[in-house]
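Open the model in your viewer and keep the selection panel at hand. The tour goes from one selection to the next.

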Amino acid sequence: MSDLEAEKVLAARRAVDEVQDGMLVGLGTGSTANYAVRCLAERIASGLRITAVATSRMTEVLAHELAIPLTSMEGLSSIDLTIDGADEIDQRLQAIKGGGGALLQEKVIAAASARVIAVVDSSKFVTRLGRFPLPVEAFPFATEFVGTRLADLGGQVSLRMKDGHPFLTDQGNHILDVALGSIADCQQTALAISCIPGVAGHGLFLSEIDTVVIARGGTVELRHAERS
């Protein structure tokens, strides 16, 4: 296991320590979130009683394999705790998510959660967001239009592909990855993207994350958002 993979496991295990009996837990999507799902399954096997809701079909399949009790987001309006990864996160706990293609469900579940913990290895903690391309989910009929408008914001836009075809989200939408470089004003960028007709969602998570667990080597650091 590489050093970064070991950090992912360490961060995931620490975050899962926050789960308590009786909670409804949101399960994130991606490589680090998968470690959290596996750690949670270990605790369930030892007697922890929780119910979970998945942010993607991929995570749902893994949770079923690990015998984690699942419920559907349909009919739910609140979740106790969500544990998810991040492609980048800064000191203000602003993040870019969506590398795994589940940004819309992740954002809905994060918004419904009383608390959101992001788990990251040391490479994901950055001074300023933007090195990782920003995923934007677009309705297929509007992909070309949305891509042109996104390019007007100054970024290089590429349609995410898989096996020679456009990648489809669980909602059947396309993802445009926007290479913006360093994002000077995340709030303004998020607003500009949200105002483009045909956008279903974007990967800027600016106020959803309450705590980040950062693993560096063999140590773990917790940082909490300062809400005004």
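Is Lys8 buried or exposed? Lys8 is buried, with a relative accessible area of 9%. Buried means under 20% relative accessible area, exposed over 50%, and partly exposed in between, with a 1.4 Å probe and protein chains only.

Before moving on, note the ground rules. This is a predicted model, in which local features need pLDDT of at least 70, side-chain atom pairs count only at pLDDT 80 or more, and totals for chains, interfaces and linings use all residues. Residues are numbered from 1 along each chain as its sequence is written, and side-chain values use heavy atoms, with hydrogens and water left out.

**Stop 1: salt bridges**

Glu5 and Lys8 form a salt bridge, with the closest N and O atoms 3.0 Å apart. A salt bridge here is a side-chain nitrogen of Lys or Arg within 4 Å of a carboxyl oxygen of Asp or Glu. The two residues are three apart in helix 1 (residues 3–16), so about one helical turn separates them. Helices (H or I, at least four residues) and strands (E, at least two) are DSSP runs, numbered from the N terminus. Glu5 is partly exposed, at 23% relative accessible area.

Now select Arg14 and Glu18. Their side chains meet in a salt bridge at 2.7 Å, N to O. Arg14 is partly exposed at 27%, and Glu18 is partly exposed at 21%.

Which residue does Glu18 also meet in a salt bridge at 2.9 Å, N to O? That partner is Arg115. Glu18 sits in the loop between helix 1 and strand 1 (24–27), and Arg115 in the loop between helix 4 and strand 6 (116–121), so the pair ties together parts that are 97 residues apart in sequence. Shared partners join Arg14, Glu18 and Arg115 into one network. The structure holds 13 salt bridges.

**Stop 2: a buried glutamine**

Select Gln94. Gln94 lies in the loop between strand 4 (88–89) and strand 5 (95–96). Gln94 counts as buried, at 5% relative accessibility. Beyond residues up to four places away in sequence, Gln94 touches Glu88, Ile89, Leu129, Cys186, Gln187, Phe205 and Leu206. Contact means heavy atoms within 4.5 Å.

**Stop 3: the largest pocket**

Select Ala54, Glu60, Ser72, Met73 and Gln105. Of the 15 residues lining the largest pocket, these are the closest to its centre. The volume of the largest pocket is about 270 Å³. On a 1 Å grid over the protein atoms alone, a pocket is an open set of points with protein on both sides within 12 Å along at least five of seven lines; a cavity is a set where a 1.4 Å probe fits but cannot get out; lining residues have an atom within 4 Å of a point. Strand 2 (51–54), helix 3 (57–65) and helix 4 (103–111) each supply at least two lining residues of this pocket.

**Stop 4: the cavities**

How many cavities of 30 Å³ or more does a search of the whole structure find? It finds two.

For the largest cavity, select its lining: Thr82, Asp84, Gly85, Lys97, Glu106, Ala110, Val116, Ala118, Phe205 and Ile209. Its volume is about 50 Å³.

For the second largest cavity, select Val16, Gly26, Leu27, Gly28, Ala33, Ala36, Val37, Leu40 and Ile83. About 40 Å³ of space lies there. Helix 2 gives the largest share of this lining, four residues. Volumes are the space filled by probe spheres set on grid points, which are joined across faces, edges and corners.
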